[in-house]
Amino acid sequence: MKPHLTRRGLLGLGVGAGGAVLLGACGDDGPNPVVGGGGENAQPAATNYTGPNVALTFWNGFTGGDGPVMKSLVEKFNSANPNIKVTMNVYEWADYYQKVPAAVSTGNGPDLGIMHVDQVATNAARGVILALDDLAKSLQLNESDFSPPVWQAAVYNGKRYAIPLDVHPLGMFWNKKVLQAAGLDPEKPPTNNEEYMAALDKLKSKGVQGHWATPFPFTGTLQFEALTWQFGGQLFDEKATKPLFAEQPGVQALTWLTDLVKNGYSPKNVAQDADLIALQNGKAAFNWNGIWTINTLRGVKGMEWGVSALPQIGTQPAAWAGSHQFVQFKQRTQDANKLQAGKVFINFISQQSLEWAKGGQVPARKEIRDSPDFAALKEQAAIGTQIDNLHFPPSVPGIPDALATVDTAVNEAILLRKEPGKALADAAAKANQILEQNRKKYGG
């Protein structure tokens, strides 16, 4: 599954540009009662549900190999909780992000859902999802139970609107046979810029273009973002009032990628996903791609491959990541029993996230990441070592719209149509306009 669709592919459908229905009271969560009433007798614990039978609808976009894994977890929950029946509806992510706000606005929204972290603030501002501070408090969850970046990513206007399920970072995949044929150690991939460039030179001398630079969001933009953070930069300032990706670190990052093409380490005009296909076919040695690639490569017969954290090309370790997060949706009339049952479901699945990890994810919960069982998932664990060096976009409504300008800059530069500095400067000018429009649309 390619989670970045929430930021990219939706723009063509109008959702990223504000096409979803804007609900009435922006940011108004509506009633979100504590089970048992208020005061000293309140029972906010979300570990069990003893009320009457309830039926919950759970929407998500797990249409790939992760779908059956989540389906089995839902069935496991239903078996363990006979007074709660969760029904899972699955849509393509693009359809999902259109359907959810529209359904909530008409009073027909689901009870529970999954959102990518860059969509949380927008839907919080639109009044689509509820604050979940009470859930986090009742489960005594805090930053130390996850990791600072992923925990803070779902906070908007001082309130928590989502509970992390996983993170899915970029990692470096390599073809062991290609490295060995070039005289490189297939068990010791490069870990820094000097080693990486030396490996690319060695591969080039053997007629192999080692790192195919793709001009598409998957994964050219993701690589650019990772490198920008590695060179000490940021995509936006903390409150996303202005873009920073056109400053020196961003130019360094995009120049590094563009130079792969200019210096013959990559072919020109790489097609969508051709970089990963080249890795599988022995035409490339390295591919920086998402953790979802683990399951793809496992299915390639006869391929010998490895995966690690991204090499540190810049001055500090950093990687792009997405995150699936649990949300509860606003209803016209909130049902305290359904709210409580939904919180029990979120807690249950979160605790089962080792099973989820087997589908190709890094669990968000630290206790599961630190377990021997997760360490046994060697590929996921290798990518998971980056957990404290992962970056997410600012938790600001409409941020996917502004981020889309980066795609254009990366595309223009890697296709050698514009110099990196010019491409980024043009994108930043457009992003500034979008950020200003967002401030008017959402307030702030």
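Please keep in mind throughout that this is a predicted model.

Let me begin with the sheet. Five strands make up an open sheet of mixed pairing, and their order is β2-β1-β3-β11-β6. The edges are taken by β2, residues 84-90, and β6, residues 163-164; each has a single partner strand, so one side of each is left without a neighbour in the sheet. Within the sheet, β3 (residues 112-116) and β11 (residues 324-328) run antiparallel and are joined by five bridges.

Helix α13, residues 336-351, lies across β1, β2, β3, β6 and β11, and its angle to β11 is about 165°.

I turn now to a helix pair. Helix α18, residues 399-414, packs with α19 at an angle of about 165°, the axes being 8 Å apart. Because angles over 145 degrees count as roughly antiparallel, α18 is roughly antiparallel to α19. The crossing of α18 past α19 is right-handed. On the α18 side, the residues in contact include I399, A402, T405 and A409, and on the α19 side they include L424, A427, I434 and N438. By class, this contact of α18 with α19 has eleven nonpolar, two polar and three charged residues.

Helix α19 spans residues 420-442 and also holds K441. Is K441 buried, partly exposed or exposed? Its relative accessibility is 35%, so K441 counts as partly exposed. Between the C-alpha atoms of K441 and A125 the separation is 9.8 Å, although the two residues are 316 apart along the chain.

Finally, the backbone. As a general rule, most residues other than glycine have a negative phi, and most peptide bonds are trans. Against that background, the peptide bond from F218 to T219 is cis, with omega near 5°; T219 is placed in helix α9, residues 217-230.

Two residues other than glycine have a positive phi to discuss. Q140, with phi near 55°, sits in the loop between α5 (133-138) and α6 (148-152); it is exposed, at 67% relative accessible area. N157, with phi of about 50°, belongs to the loop between β4 (155-156) and β5 (159-160), and is exposed at 65%.

Thank you for your attention.

Key
Residues are numbered from 1 along each chain as its sequence is written. This is a predicted model: local features need pLDDT of at least 70, side-chain atom pairs count only at pLDDT 80 or more; totals for chains, interfaces and linings use all residues. Side-chain values use heavy atoms; hydrogens and water are left out. Two strands pair if DSSP finds at least two bridges between them. Helices (H or I, at least four residues) and strands (E, at least two) are DSSP runs, numbered from the N terminus. Contact means heavy atoms within 4.5 Å. Axes are lines fitted to C-alpha atoms, for helices over the stretch in contact, and angles run from 0 to 180 degrees between N-to-C directions. Buried means under 20% relative accessible area, exposed over 50%, partly exposed in between (1.4 Å probe, protein chains only). Angles under 35 degrees count as roughly parallel, over 145 as roughly antiparallel, 65 to 115 as roughly perpendicular and the rest as oblique. A crossing is left-handed if the near helix is turned anticlockwise from the far one by less than a right angle, and right-handed if clockwise. Ala, Val, Leu, Ile, Met, Phe, Trp, Tyr, Cys and Pro count as nonpolar, Asp, Glu, Lys and Arg as charged, and the others, Gly among them, as polar.
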